[in-house]
Amino acid sequence: MTQARTDERGAITVIAVFLAIFAIAILYTVVGTAEVILARERLQDAADVAALSSAVMHARSMNLLVLINLVMAALLAVLVTIKLVESLAIIGIAIAGALAWPTAGATLAAIPPLQSVQQTMHSTYGDVKDPVYQALEALHDVSGVVAKVTPTAAAVMASGELARFGKPPVVGGVAVGTRMTLPVSDGLFDDLCRKAGGMPVMLARTGLESAGIPALPQLMGVLQSPMESLAGEFSDYFCGESDGSGDKSSGGPSHRQKLQRSYPQIETEASRACAAGEGLQGVGGPPRQVTNPACDQSLAEEEAGKADAQTGGCPQGRDCSLDGPYETRVQAAREQCDPLVAPRPFAYWYQTRKGVVSYQWTGVFWKRGEPSYARPERRGGDPSRDPGEFAPPCGPKDVGPSVAVGYRRRAHLSLARDINPVCSTEEMPEVPTLLPARGTGIEVSLTEVTNILGCRREVEEDIPIETGDSADRDGSNGKAPKVLESGVELGDENFQIRALVQGEAAGREASSIVRLALWDAEDTKNPVGKLGRFGSFSVAGAEYFYDGDHGDEHDRTAWMWNMKWRARLRRFALPESDAGNVLRKACDVALAPSACSSIFELGDARRSLFLH
């Protein structure tokens with residue numbers, strides 16, 4: 001017994017037991033950390049592959065649309081070539097006839113064969129036109145299907161790529177963009193005809209270069225651009241129809257006509273695009289209807305600047321700031337409705353108000369007080385229905401103003417809200433012969449024209465005369481190429497693909513052992529401890545883009561005529577507002593809705609928490 005009490009052998013075993021526990025915990029932590037790193041790497045690879053594969057699918061579809069556009073142009077080039085040969089035959093007949101006198105009739109011998117060529121080409125054109133149009137319509141329909149199904153097909157392909165990683169580490173995932181269709185819309189038939197016009201010249205240049213003929217290939221290169229412009233301007237003649245988008249007044253027959261125009265006319269990007277016919281879209285079908293979002297936006301901008309129907313002021317609830325649409329419109333109206341501008345306006349709509357202002361005699365001069373005004377009134381009604389008042393309300397004496405002499409072109413003299421009236425009947429009291437007592441007051445009634453709301457002027461414009469057999473304008477978009485939607489820019493949300501992948505929470509066992517040091521208590525000093533539930537998610541971003549060269553990356557007209565669409569990985573950031581709805585809905589379907597919702601409800605923090 002005494003020996004047992006004095007025997008010190010094995011004393012270190014007690015300490016070794018405790019050290020062994022911590023050593024095992026450290027070993028488990030190292031192993032668990034390695035497992036987590038490997039699992040995270042594998043999970044991140046899955047997210048990258050899903051995002052990039054979806055972007056590649058989108059890029060290939062854009063290249064397919066480009067190929068369809070080129071095939072459509074090539075088919076239409078057949079008609080252009082036939083019509084070009086016919087035109088050359090007609091020109092040859094005219095030249096032969098013109099040279100008949102100086103050549104003593106020798107050139108007349110060339111007229112019969114040229115007439116035969118012309119008639120043959122004319123007949124061939126009629127035979128080929130219908131099959132070409134049918135092929136164009138079929139290709140147009142195919143391009144529409146491609147634009148619609150690509151995002152869905154890309155999401156399915158991304159899911160297949162994720163399935164290759166297996167479970168674990170991937171539990172589920174999704175890779176989608178911010179829209180359900182490709183960012184393309186129907187273009188213009190005239191643009192297709194313009195592209196087709198340059199193809200015969202390009203093919204002739206290629207053939208001449210292959211044959212080694214000098215000088216002529218360079219000449220053909222010079223002729224390609226003029227031929228494209230000619231075909232686009234006269235697509236009725238070369239391609240059989242037109243959607244009226246070309247500038248037919250340039251070089252074509254026209255007549256001058258007097259037209260009544262309402263002012264002000266404010267030029268914006270939307271109004272310019274509307275006037276140029278940019279962004280035409282085909283809706284429904286058949287028969288197809290042509291709409292133009294640019295024109296809709298232009299009308300909305302004009303509506304936002306309209307004055308109140310009763311007071312002529314800025315309607316309640318609208319943007320009434322100094323740089324808002326109402327103030328911009330009334331300022332433009334002052335400038336464009338000046339009674340001395342040519343041609344002079346003949347009808348006016350304006351805002352007026354009556355008031356009273358007090359003047360007080362200071363002993364030396366009359367001091368003007370703050371005026372008080374009655375409720376403003378609108379004169380002239382609605383320009384679209386009311387003829388307006390024919391006499392200008394303000395202006396010099398020679399125009400016979402109906403309210404007062406004078407015309408101020410600036411609505412505001414500074415950044416102050418105080419309006420600078422167009423003109424006013426107010427006149428300062430004259431200094432009487434017998435000076436009144438100091439402090440004497442006088443009230444003066446006045447009428448002000450506070451704003452010019454609009455006017456009408458008669459202008460002369462060149463009106464183009466349509467020639468040729470013009471087909472149904474609405475139907476031309478059924479054979480039009482695909483173009484990028486108006487307002488779409490490379491690198492914006494329309495081209496972004498995001499992948500959200502969920503994996504197993506690897507290393508949970510190691511994490512639980514590490515927590516032995518805290519006795520399973522919450523670490524109050526860890527501000528992001530509750531975000532551990534998002535540790536099983538991996539994210540990735542990609543985009544498809546136009547990889548142009550020689551500056552054509554900035555030329556929107558080239559984006560849908562060159563197969564240079566590529567895909568690449570990009571830095572990931574969750575989309576904002578409506579742009580993230582597609583990703584959120586797809587995430588709720590593919591993964592746990594609660595997890596997806598919690599990610600999107602993190603607010604501003606999500607932009608810094610989910611980066612890659």
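Residues are numbered from 1 along each chain as its sequence is written. In this predicted model, local features need pLDDT of at least 70, side-chain atom pairs count only at pLDDT 80 or more, totals for chains, interfaces and linings use all residues, and side-chain values use heavy atoms, without hydrogens and water.

**Two residues**

Buried means under 20% relative accessible area, exposed over 50%, and partly exposed in between (1.4 Å probe, protein chains only).

| Residue | Relative accessibility | Class |
|---|---|---|
| Phe 18 | 52% | exposed |
| Leu 188 | 10% | buried |

Phe 18 sits in helix 2, residues 11-98. Helices (H or I, at least four residues) and strands (E, at least two) are DSSP runs, numbered from the N terminus. Leu 188 belongs to the loop between strand 2 (184-186) and helix 4 (189-211). Its C-alpha atom is 8.5 Å from that of Lys 482, although the two residues are 294 residues apart along the chain.

**The cavity**

General idea first: rolling a probe the size of a water molecule over the atoms shows where empty space is left. A cavity is a set of points on a 1 Å grid over the protein atoms alone where a 1.4 Å probe fits but cannot get out; lining residues have an atom within 4 Å of a point. The whole structure holds one cavity of 30 Å³ or more. The largest cavity has a volume of about 50 Å³, the space filled by probe spheres set on the points. Its lining includes His 58, Pro 151, Arg 179, Glu 493 and Tyr 544.

Definitions and conventions: 1 Å grid on protein atoms, 1.4 Å probe; cavity = no way out; pocket = protein on both sides within 12 Å on 5 of 7 lines; lining within 4 Å.
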